[in-house]
Amino acid sequence: LTRPGFGENDAVLGDLDITGDLTIYGASPALTVVDGGGVDRVFEVRSTAAVTMTNISLQGGGMMSNGRALLNGGSLLLSQVAVRFNLDGGSGTVYNSGSLSIVESSFYSNTVSFSGGGLYNAGDAALTNVTFSGNQAGMDGGAIFVAGGTLTINNTTFTLNAADADGDGVGEGGALFNDDGVVHVANSLIAQNLDLGDDEQD
C-alpha cells in the first residue's frame, strides 16, 4: 500500500476495506504478499462481509491503530496465512471483534505498543494448527490478548513471545493474557515465552 488515508473506509486510501463477501486465494505465503508499506493496516473486514484468505502473507502494517495487519468485524477465515513483520501501533496485529477462524497459519515477528502481539480477541475465535513465535506486546499478551468473547485453541504452538516488551514493569502473559473472556486450550505447546519486565518465563 502506498496511499495513506487514516479513517477512510472506501478502499480509496489507506487500508483495503472489504464490505462484502470475498475469497482471496494466493499461490503461497512466500509468493503472494500483501504489504501495508507502513502507511496503514493491511485489511479491514467490515461487519457486512464474510471473507476467506488462503495462501498469502500479511506484512508491513503500520500506524497507531488497532489491528495493524487486519481488523475484523465480520466473518473471517484465515487458512495457510503468514502474519509477519507488522510493527508498532495499538493492540493486536490481528484485531477481532467478529467471528474468526485461523487454521494452518503462523504469526511471527509482530510488535504492538499495547496488548496482543499477534491476536487481540474481543469476539469469537478458533485456532487450529497455528504457530505464534517472536511476537511482542508493550503491555499484556505477547502472542494473544483476550478482552472478551470465546477463544478456542487446538494444536497450536507458542514460543519466544514476550509481554512488557519495553521492560517498564507493566504487562504480563508472555504467551496469552485472558482479561475477560472464555479460553479453551488443548493439545498445544507453550514454551519459552517471557515477561520482559521481570525476565520471567510465562
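This is a predicted model: local features need pLDDT of at least 70, side-chain atom pairs count only at pLDDT 80 or more; totals for chains, interfaces and linings use all residues.

Analyst: Phe145, in contrast, is at 7% relative accessibility, so Phe145 counts as buried. Phe145 and Phe177 form a stacked aromatic pair, with 5.6 Å centre to centre and 0° between the planes. The pair links distant parts of the chain: Phe145 belongs to strand E14 (residues 144–146) and Phe177 to strand E18, and 32 residues separate them. Together with Tyr95 and Tyr120, Phe145 and Phe177 make up one aromatic cluster.

The strands come next. An open sheet of seven strands, with parallel pairing, has the order E1-E4-E6-E8-E11-E14-E18. Its edges are strand E1 (16–18) and strand E18 (176–178), each of which pairs on one side only. On average, neighbouring strands of this sheet are turned by 10° against each other, direction ignored. Within the sheet, strand E8 (residues 94–96) runs parallel to E11 and is joined to it by three bridges. Asn96 lies opposite Asn121 in E11.

Six aromatic pairs are counted in the model. One of them is Phe107 with Phe132, stacked at 4.7 Å centre to centre with 20° between the planes. This pair also bridges distant parts of the chain, from Phe107 in strand E9 (residues 99–108) to Phe132 in strand E12 (residues 124–133), 25 residues apart. Phe107 and Phe132 are both buried.

Definitions and conventions
Residues are numbered from 1 along each chain as its sequence is written. Side-chain values use heavy atoms; hydrogens and water are left out. Two strands pair if DSSP finds at least two bridges between them. Helices (H or I, at least four residues) and strands (E, at least two) are DSSP runs, numbered from the N terminus. Axes are lines fitted to C-alpha atoms, for helices over the stretch in contact, and angles run from 0 to 180 degrees between N-to-C directions. Rings of Phe, Tyr and Trp (its six-membered ring) pair if their centres lie within 6.5 Å; planes under 30 degrees apart count as stacked, over 60 as edge-to-face and the rest as tilted. Buried means under 20% relative accessible area, exposed over 50%, partly exposed in between (1.4 Å probe, protein chains only).
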